[in-house]
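Here are my notes for your read-through.

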Amino acid sequence: MEQRSREARGARGRRVALTVTLVLLWSVASAQIRYSIQEEVKDGTVVGNVARDLGLDKNTLQNRRYRIVSGSSDALFRVNPSDGNLYVNRKIDREEICERMSTCLISLKTVLENPLEIHYVEVEVLDVNDHSPSFPEEEKRLEVYESVLPGARFQLQPSRDPDGGPLSIQQYKLSHNDHFRLEVKDKGEDGKIPILVLQKSLDREAARSHSLVLTALDGGKPPKSGEMKIRVDVLDVNDNTPMFSKDVYSVMLNENVPIGTTVIQVNATDLDDGPNGDVVFSFGNSVSNRLYKLFDINQATGEILVKGLIDYEDKDKYEIEIQASDKGLPPLTTEKSVIIKIVDVNDNAPEIEVTSFSNAIPEDSRLGTTVALISVRDLDSGFNGKVICSVSEDVPFSLSPSLKENMYSLVTKSHLDREKQSHYDLTIFAKDTGRPALLSEKSISVVVSDVNDNGPEFSLSPYTFYLNENNTPGNSVFSVKAFDGDDNENAAISFHILRNGHVDDKTASFLNINSQNGDILALKSFDFETLKTFNFQVIATDSGTPSLSSNVTVNVFILDQNDNTPVILYPVNTNGSAEGVEEIPRNVAPGHLVTKVRAYDADIGYNGLLLFSLQEVKDHSLFGLDRYTGQIRTLRSFTETDEPEHKLVILVKDNGNVSLSATATVIVKVVEPKEAFAASDVKSAAAEAGDDNMTFYLIITLGSVSVLFLISIIVLVAMQCSKTTDYSSKHLQDPNYDGTLCHSIQYRSGDKRYMLVGPRMSIGSTVVPGSNGNTLVLPDRRRPCDEEVADQRMSIGSTVVPGSNGNTLVVGHRRHQFEEVRNSQTMRFPNQMV
């Protein structure tokens with residue numbers, strides 16, 4: 001026996017090494033590979049190299065996630081994507097997984113992703129002679145009447161061998177004797193049945209019993225065997241056997257019938273009398289244990305009853321051997337086969353298996369992109385097993401059938417947009433065509449992943465901000481906001497200021513922006529008197545690949561603050577202090593204009609509106625001050641008792657919330673009329689000469705201004721026709737602008753006269769460096785009498801005010817209202833400057 005076991009193990013090892021074969025079956029839809037391997041091989045045994053047989057390299061298997069997607073959790077095989085080999089996952093017992101089947105095939109479904117490929121692998125498990133034949137009984141007792149004629153047949157219980165095919169029981173042998181011989185009946189699926197045949201009449205007086213040995217041999221090399229002892233007791237005569245009423249018994253039985261249902265009733269009679277004619281029914285010796293679990297028989301009536309669950313999907317036909325035996329001693333037995341055909345009932349709902357190939361599908365996926373693989377099966381047959389598959393409506397997905405029956409691909413049928421819907425819950429429906437039809441459903445979740453298809457969008461376009469001048473450098477002055485409809489990194493926005501190096505972008509160089517939140521910081525303090533408005537562009541960029549961006553224009557208007565103290569323009573003496581001396585005759589009439597205090601404030605609006613008041617004066621009845629114009633006039637005539645010299649201190653303050661002020665001192669000397677007339681004659685002569693020269697200058701100036709005005713109109717028209725959307729270099733109109741240009745006024749400083757221009761300027765005005773945008777410069781022309789008429793600074797379109805004797809110019813006069821006061825040489829402007 002040990003020698004036989006060693007030889008069996010050696011043969012098995014050689015077969016494991018030599019019987020692994022490969023058959024490649026290719027079709028239009030997929031590739032199919034077939035291997036064969038013997039049962040009982042060790043865990044980890046290589047079945048075949050899938051990578052080599054599919055023509056794929058190992059990197060492709062790993063990158064495309066090659067794996068087995070069908071089978072139970074206790075899988076028999078596994079595939080290693082690192083080396084492409086298919087391995088045995090656990091010990092395989094062919095008799096366990098393919099009981100009573102001639103060919104044992106295990107089908108595996110494998111997939112490759114990106115793109116989707118399906119490969120079917122079949123593994124045939126080859127039988128190994130690992131079981132010996134065995135009889136249900138160690139010893140069988142037969143009682144045979146001596147009157148039994150030669151040729152009588154006695155069916156014996158067959159030996160059982162779990163191995164299949166050639167390794168199952170192939171032959172029986174009977175020990176040598178003179179009275180019996182052995183016949184073997186081949187019943188196909190039920191195996192070979194040994195039959196003991198009487199070949200010589202028995203003589204109870206010669207031998208009361210006979211001992212035989214029945215040996216069963218399988219088809220192994222060497223074969224394995226099992227033995228059963230047979231004891232034949234010779235009895236007295238019972239010479240009639242029971243006879244069945246029908247030659248053939250056949251019946252149709254629905255599956256799933258209740259336990260206890262009568263399948264069929266068999267009938268048999270015996271011509272003998274008494275106990276020898278009483279018939280009892282039983283299952284034949286060839287009936288398997290499985291049939292004992294499903295059916296039962298009433299020994300007295302011959303009714304075959306349902307004992308267990310009948311399932312068409314398990315087996316659609318049963319053949320049962322029924323024995324009819326009398327009660328004689330010994331009993332006589334007749335056998336008859338009953339064929340039971342199982343009728344299919346639609347009792348199995350379709351089964352849905354979903355294989356998802358990715359956790360999320362990009363929203364820019366093309367139409368027809370495969371999302372998941374759907375396989376459906378129904379264990380029923382015919383119309384009961386035909387399945388119709390569908391998917392829930394109102395979703396951008398559809399089911400596409402494959403060439404293999406009951407296989408579908410879930411594909412996209414319309415474009416996806418994650419910003420509209422990022423998640424879909426789908427329901428797969430599978431309905432068979434049975435009556436009544438059975439329906440199954442399975443839910444599947446599809447996540448739509450983000451693609452950077454949305455650029456940042458600003459909350460406003462353009463932005464307009466108002467910023468008070470004299471802001472603190474380094475502080476945040478305003479902020480821009482943007483949002484992105486995408487997700488995660490695609491929605492992460494960073495900000496930066498567009499800096500292209502142009503002259504117009506110099507202001508932007510004094511700004512900085514927080515790239516994370518869009519807060520804009522000013523690196524310097526802005527001065528309204530220097531810069532009133534500017535613009536720049538902010539660019540928002542997301543973090544997607546490739547990144548998307550958008551830009552917005554930011555317009556900034558500087559708001560004026562009362563940060564400029566009034567400046568005294570007259571009186572101003574040679575050392576720069578605001579102090580002057582005026583001489584008037586003693587005989588002047590009341591209301592005589594003594595002088596006019598002139599002052600200027602660089603601020604605008606109420607911050608630049610100046611008011612004048614007398615602070616120090618000895619005699620309040622003698623002089624009066626106009627609070628708006630700064631004109632000092634006499635209130636009454638001088639008397640002999642009035643002092644010859646009067647000191648007037650004038651306070652000039654603006655109209656800001658916190659007003660700023662300056663003071664000027666005017667010393668008025670009262671002289672005798674004779675002295676005043678002499679001084680007046682000198683001044684009149686100088687004035688007449690100045691008037692002649694001034695008239696000539698004005699004619700030249702007006703001609704030049706007219707020519708320049710025409711040229712400016714042409715240039716402006718050309719600029720309007722060619723201007724682009726980039727207006728960052730032009731001055732925007734002040735929100736409080738009333739449509740007028742600058743005002744001008746003359747004042748004396750030392751030995752020169754100046755014309756001061758207010759802060760409101762036309763587009764064509766020229767700003768003198770260092771003048772804070774308030775003074776226009778004209779060429780210096782001196783009178784022969786050494787009195788300087790004007791260092792006049794004019795803009796295009798300046799106009800001479802009637803009644804001004806040619807000494808006062810109003811620049812860009814538009815809709816200004818002038819209030820004429822008694823002396824036509826003095827005007828009051830409704831602005832910040834007098």
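Which lysine lies over the face of phenylalanine 528? I'll get to that in point 1.

1. Lysines over rings. Lysine 532 is the one over the face of phenylalanine 528, at 4.9 Å from the ring centre. Lysine 524 does likewise with phenylalanine 510, at 4.5 Å from the ring centre. A charge counts as over a ring if NZ of Lys or CZ of Arg is within 6 Å of the ring centre and within 35 degrees of the ring normal.

2. What you're looking at. This is a predicted model, so local features need pLDDT of at least 70 and side-chain atom pairs count only at pLDDT 80 or more, while totals for chains, interfaces and linings use all residues. Residues are numbered from 1 along each chain as its sequence is written, and side-chain values use heavy atoms, with hydrogens and water left out.

3. Aromatic pairs. The whole structure has 15 of them. Rings of Phe, Tyr and Trp (its six-membered ring) pair if their centres lie within 6.5 Å; planes under 30 degrees apart are stacked, over 60 edge-to-face, and the rest tilted. Take phenylalanine 458 and tyrosine 463: their ring centres are 6.3 Å apart and the planes sit at 85°, so this pair is edge-to-face. Both phenylalanine 458 and tyrosine 463 are buried (under 20% relative accessible area; exposed is over 50%, partly exposed in between, with a 1.4 Å probe and protein chains only). Ring pairs also link Phe458 and Tyr463 into a cluster with Phe465, Phe478, Phe495, Phe526, Phe534 and Phe536.

4. A stacked pair. Tyrosine 466 and phenylalanine 557 have ring centres 5.5 Å apart and planes at 25°, so they count as stacked. Tyrosine 466 is in strand β34 (residues 463-468) and phenylalanine 557 in strand β41 (residues 549-559), so the pair ties together parts 91 residues apart in sequence. Strands (E, at least two residues) and helices (H or I, at least four) are DSSP runs, numbered from the N terminus. Tyrosine 466 is exposed, at 52% relative accessible area, whereas phenylalanine 557 is buried at 14%.

5. Strand β50. In β50 (residues 661-671), 8 of the 11 residues are buried. Strand β43 (residues 579-585) runs parallel to β50, joined by 7 bridges, and isoleucine 584 has valine 670 as its bridge partner there. Strand β49 (residues 645-653) pairs with β50 in the antiparallel sense over 9 bridges; here histidine 646 partners valine 668. Two strands pair if DSSP finds at least two bridges between them.

6. A three-stranded sheet. Look for the open, antiparallel sheet in the order β3-β6-β5. Its edge strands, β3 (46-49) and β5 (77-79), each pair on one side only. Between β3 and β6 (residues 85-88) there are 3 bridges, and glycine 48 stands opposite leucine 86.

7. Nonpolar cores. The largest has 27 residues, and Leu253 and Phe295 are among those touching the most other members. A nonpolar core is a set of buried Ala, Val, Leu, Ile, Met, Phe, Trp, Tyr and Cys residues joined through side-chain atoms within 4.5 Å. β23 gives the most to this core, with 4 residues. A second, separate core of 26 residues includes Tyr463, Ile497, Ile513 and Val556.
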